[in-house]
Each structure stands twice: as C-alpha cells, then as structure tokens.
Amino acid sequence: LATLGVMGGGQLGRMFVQAAQAMGYFTAVLDPDPASPAGLVCHYHIQTPYEDEQGLAQLMQRCEAITTEFENVPAPALMTLAAHRPVAPGAQAVAIAQDRIAEKAHFAACAQAGGVGPAPYAVIETAAQLQAVPESLLPGILKTARLGYDGKGQARVASRAELAAAWAQMGQVPCVLEQRLALKDELSVIVARGADGQMVHFPPQRNIHRDGILAVTEVFDGHLPTALAQQAIAATQAIAEQLHYVGVLCVEYFVIDDGSPQGALVVNEMAPRPHNSGHYTLNACDVSQFELQVRAMAGLPLVAPRQHSPAVMLNLLGDLWFDADGRGRTLDWPAILALPGTHLHLYGKLSARPGRKMGHLNITGATAQQVRATAQQAAEILGIAPWA
Ligand code: ATP
Ligand code: MG
Ligand code: MG
C-alpha cells in the first residue's frame, strides 16, 4: 500500500489526509504539534520541526509522494524532499507564493501576457523606497511580504505619517504597499494541474470577508457575471501554467468598479494548496479539492469536477465558542443539523480562540434560494451575521 505525505498538520492537512485515506492510501504528516488536526487522524505523525533532517528523512522513507498544506513551509525543506521524492507543488512555486513581492511580480508578468493585473503597489524594503512611494497609493494597505494570513501582518494607512509608523511597527521588514480599492466583490478560482500539464478547475467562488478573514463562500449559478467568471478562470490557468504548477492552486481576485455593469478583475494573491474557499467542494461537487490534490500528486487522472448542488459555506471561527463576556458558550449543533442540507465539518482543534478556524458548515440544496435561506437560518442559530 502506498503512503502519501503532507508537510503541515492543520485543517487543510486533515481534510487532505481524509481524502487520501478514502482512496486507500496510508498517510504521513510532518508537524511538530502533537495535537495538530491532521496529526490526530493520519497513520504516521512525525513530530519534528519542519526543517529537521531526521523528520524529513522519515517522511521520505515513508512516502511515495509529498505535498504541503500551508504556504509557510520552508522552501529549502521542500527542495530536500524533492531530491528524492515527487513533491507537489514544487519548492519554486511555493517560494513565489510565500513572498508577496515575488508573487506580485509573477502576476504582473502574467498580466503582460494578457491576464489580470494586481492592484497598484510599491515594494518597500528600504527607507528610500518608503520615501519614494507615490501619493496615488494612499490610502493603502501595507502588507508584510512574508508570513501574513487572515489579515495578519497588514495595516491600513491613510497618510505618509501613518505609513512610516506602520512600517516601523512591523519592524521595517520587506513589505508591499497596495492601493486600497473599493471592492464590489471578491472571488477565487481553484485549479488542479497534473505533472503532464493537464488542468481542471472549479467554478469561481464568491467570497465574503469579515475583518480580513473569510466568512462566507457562495457558489451557485448566476452568482457572478459569466464573462467575469470566464476571465478569472483563464487568468488562474495562466498563473498556474507559467509556474509549471503541479497540484491544487487557488487564486483570489477582487472585483472593482470600472464603470461597466459587471466591474473589472484585479488579482489579489494565491495559495499553493487547497483553500478555505474550496471547502464547499466536499459536499457540493462530485470530486473535492482535496481529492484533486491526491490525484495530482499521485499522478492519477484529473477529472473535471462537476458541481451538483448550489452551495454556501459558513466559516466557524473560534469567536463562536465565547459569549460577549468571554465566557464559554454551548453551540446548538442539533438545531443546525436539523436543517436539511447542512454538513458540519469540525477540525478537532482542542481549544478555541477568537479568529481561529475551528470548522465550517457546508449547506447544499436544490436551488440557490433554498441554500441561501438555510444558510441564513444556520447563521441565526449560530448568532452570526456574515452578510450584514
Ligand atoms: P488569507 O487568509 O486569504 O491568506 P491575507 O492575510 O493574505 O489573507 P489578503 O488576502 O491580502 O490577506 O487580504 C485580506 C482581505 O483584506 C481581502 O480578502 C480583502 O477583503 C481585503 N483587502 C486586501 N487587500 C486589499 C486592497 N488592496 N484593497 C481593498 N481591500 C483589500
Ligand atoms: Mg494570504
Ligand atoms: Mg487572501
């Protein structure tokens, strides 16, 4: 029996492991945390730091192929693994996705070839670059080049003084300053590409963020203008193609008002792995993003996914586990599960913290209207108002 390995033991690793196991694979997870969500459900949990030579050697010994579930896995560790085993996605693609400066340069290059460009931005690595920032980028968002997620490592700045203060606050690490855009909408596209270059995609997802964290994903007919959806798919394919990418890739887009009825696309960032906005595929599609990751890394056929049900995904953040006074709160799961078409996914995290992703709720149904109505009911029971 073959074993598939994953670097990182978070919820994405857990859902990958579950997909691999359903297809008959043994699974190995490298994550130092003994209680990591994926570590708890895999066959072999290697509990060393990501760069530990012995840990990497064990992972290689165990596994026929290796993937990664979080983008901050050290690229040198992936290179070490790739010398001996197929690693998907490759270290180079992951390294680009880890660094907003390299990522935006890649997007800009793809845009020159007719794709979708990033928001106007400037790289800030030196005091001179800080001084030289054009006025047109303000108000803007300062983002650290590395290690940001869920809106962490970002500061909204309205003036040069605020910009300088924010950069100092961040320890003057390499950053990008992006123009703050008025967003009409946000969407993302997930593709899977095989080592032979074959590529399949899911329909674009419409995403709603709250405080920089994904709150809701909606996917149903007519939720996005067709031309915009097609343009986003084509742009994502070009981004993957030009990285020679292998595995599942998600690219996030903004829709901005350009005077046209449908608006215009701007590319935000990419994730070299299955993505939170693709969790609905577990219940609404005939093949999930996690199964496609298994197929891509194991060299199995990639089939074009078919969405068989309209879907809404609600993220379940740690905030839900506390009341307004910070006391623990009991969630009424039976009431949620009494709603037809609800699929509860909890990640087995042992403690809740505000902002921590604890699980998600997928809601499927016969029509978009029905799914929306059920999602509203579920949100009410949970005490959240993500559409407000
Ligand atoms: P993720 O968890 O998706 O990796 P992240 O921390 O990398 O998040 P971004 O995707 O850069 O953060 O930004 C988070 C959210 O903040 C976006 O989805 C969007 O809602 C908002 N945002 C980011 N950049 C801009 C911008 N230039 N203009 C307007 N809104 C923005
Ligand atoms: Mg990000
Ligand atoms: Mg993002």
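Tutor: We will take the domains, then a helix pair, then the ligand.

Tutor: This model is predicted: local features need pLDDT of at least 70, side-chain atom pairs count only at pLDDT 80 or more, and totals for chains, interfaces and linings use all residues. Residues are numbered from 1 along each chain as its sequence is written, while chains are lettered from A and ligands numbered from 1 in the order written.

Student: Into which domains is the protein divided?

Tutor: Domain 1 (3-87), domain 2 (120-179) and domain 3 (183-382). These bounds come from an automatic or database domain assignment. The C-alpha centres of domain 1 and domain 3 lie 23 Å apart.

Student: How do I describe two packed helices?

Tutor: Give the angle between their axes and the distance between the axes. Here H2 (residues 53-62) and H3 (residues 75-82) pack at about 40°, axes 10 Å apart. Helices are DSSP runs of at least four residues, strands of at least two. Axes are lines fitted to C-alpha atoms, for helices over the stretch in contact, and angles run from 0 to 180 degrees between N-to-C directions.

Student: Why are H2 and H3 called oblique?

Tutor: Their angle is about 40°, so H2 and H3 are oblique to each other. Under 35 degrees is roughly parallel, over 145 roughly antiparallel, 65 to 115 roughly perpendicular, and the rest oblique.

Student: Where does ligand 1 lie?

Tutor: Domain 2 and domain 3 both give residues to its shell, so ligand 1 lies between them. It is surrounded by 18 residues, each with its C-beta atom, placed from the backbone, within 6 Å. Tyr 149 and His 209 are among the closest.
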